[in-house]
Amino acid sequence: MNQEITNNEHITRINNLNSPQKNAVTMSDDDKDIIVLAGAGSGKTKVLVERILWLLTNRKISGDNIMAVTFTNKAAKEMRARIAAVCGEETVRNMFLGTFHSIAHKMLRIHSEQAQLNNNF
């Protein structure tokens with residue numbers, strides 16, 4: 001089932017973030033591409049999830065226009081699960097969301113012919 005979060009529900013979620021996290025989540029349309037660099041346990045995954053929800057609900061950006069890259073499979077799996085819990089698996093399935101390696105692999109499989117690769121590489 002595909003769920004949608006309302007703008008008011010998302011504002012409530014954002015109010016639970018600290019000031020730097022809120023700034024990263026709600027950056028203007030001029031700042032479409034963001035990089036979140038922070039130490040362990042600082043809430044990077046939470047910020048990325050909330051930024052994606054912000055883009056989906058407030059900016060009406062389609063999931064297939066979102067890419068979120070992380071370093072670990074654990075963080076990628078957690079992001080995917082958190083977004084799916086709010087927006088549904090269909091929305092998450094259309095995103096490029098994962099580690100550097102998994103996203104590169106997905107892109108190569110999609111464009112294997114252009115890269116002159118066997119599609120079962």
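**Figure 1. Helix α3, its span and its burial.** In this predicted model, α3 has 14 residues, which at 1.5 Å a residue should span 20 Å; the C-alpha atoms at its ends lie 20 Å apart, in agreement with that expectation. Of the 14 residues, 12 are buried, so α3 is largely enclosed by the rest of the structure. The buried residues are Thr 45, Val 47, Leu 48, Val 49, Glu 50, Arg 51, Ile 52, Leu 53, Trp 54, Leu 55, Leu 56 and Thr 57. Among them are the charged residues Glu 50 and Arg 51.

**Figure 2. The largest pocket and its lining.** The largest pocket holds about 870 Å³ of space. Two elements each give two or more residues to its lining: α3 (44-57) and β1 (67-70). Helix α3 gives the most, with 7 residues. In total, 34 residues line the pocket, and those nearest its centre are Ile 34, Val 36, Leu 48, Ala 68 and Val 69. Sorted by class, the lining consists of 19 nonpolar, 9 polar and 6 charged residues. Leu 48, one of the residues nearest the pocket centre, is also one of the buried residues of α3.

Figure 3. Helix α4 runs over residues 73-87, 15 residues in all, and reaches 21 Å from its first C-alpha to its last, close to the 21 Å expected at 1.5 Å a residue. Its buried residues are Ala 75, Ala 76, Met 79, Ile 83, Ala 84, Val 86 and Cys 87. These cover an arc of only 165° around the axis, which places them on the same side of α4. An α-helix has 3.6 residues a turn, so residues three or four places apart point the same way. Exposed residues, namely Asn 73, Lys 74, Lys 77 and Ala 85, are found on the other side of α4. After the helix comes Gly 88, which has a positive phi, near 95°.

Figure 4. Thr 99 belongs to strand β2, which covers residues 96-99. Its relative accessibility is 6%, and it therefore counts as buried, the cut-off being under 20%. Neighbours within four places in sequence aside, Thr 99 is in contact with Val 69, Thr 70, Phe 71, Thr 72, Asn 73 and Ala 76. Of these contacts, Val 69 is among the residues nearest the centre of the largest pocket. Ala 76 is one of the buried residues of α4, whereas Asn 73 is exposed on the other side of that helix.

Note on methods
Residues are numbered from 1 along each chain as its sequence is written. This is a predicted model: local features need pLDDT of at least 70, side-chain atom pairs count only at pLDDT 80 or more; totals for chains, interfaces and linings use all residues. Side-chain values use heavy atoms; hydrogens and water are left out. On a 1 Å grid over the protein atoms alone, a cavity is a set of points where a 1.4 Å probe fits but cannot get out, and a pocket is an open set with protein on both sides within 12 Å along at least five of seven lines; lining residues have an atom within 4 Å of a point. Grid points are joined across faces, edges and corners, and a volume is the space filled by probe spheres set on the points. Helices (H or I, at least four residues) and strands (E, at least two) are DSSP runs, numbered from the N terminus. The expected span of a helix is 1.5 Å times one less than its number of residues. Buried means under 20% relative accessible area, exposed over 50%, partly exposed in between (1.4 Å probe, protein chains only). The arc is that of the directions from the helix axis to the C-beta atoms. Contact means heavy atoms within 4.5 Å.
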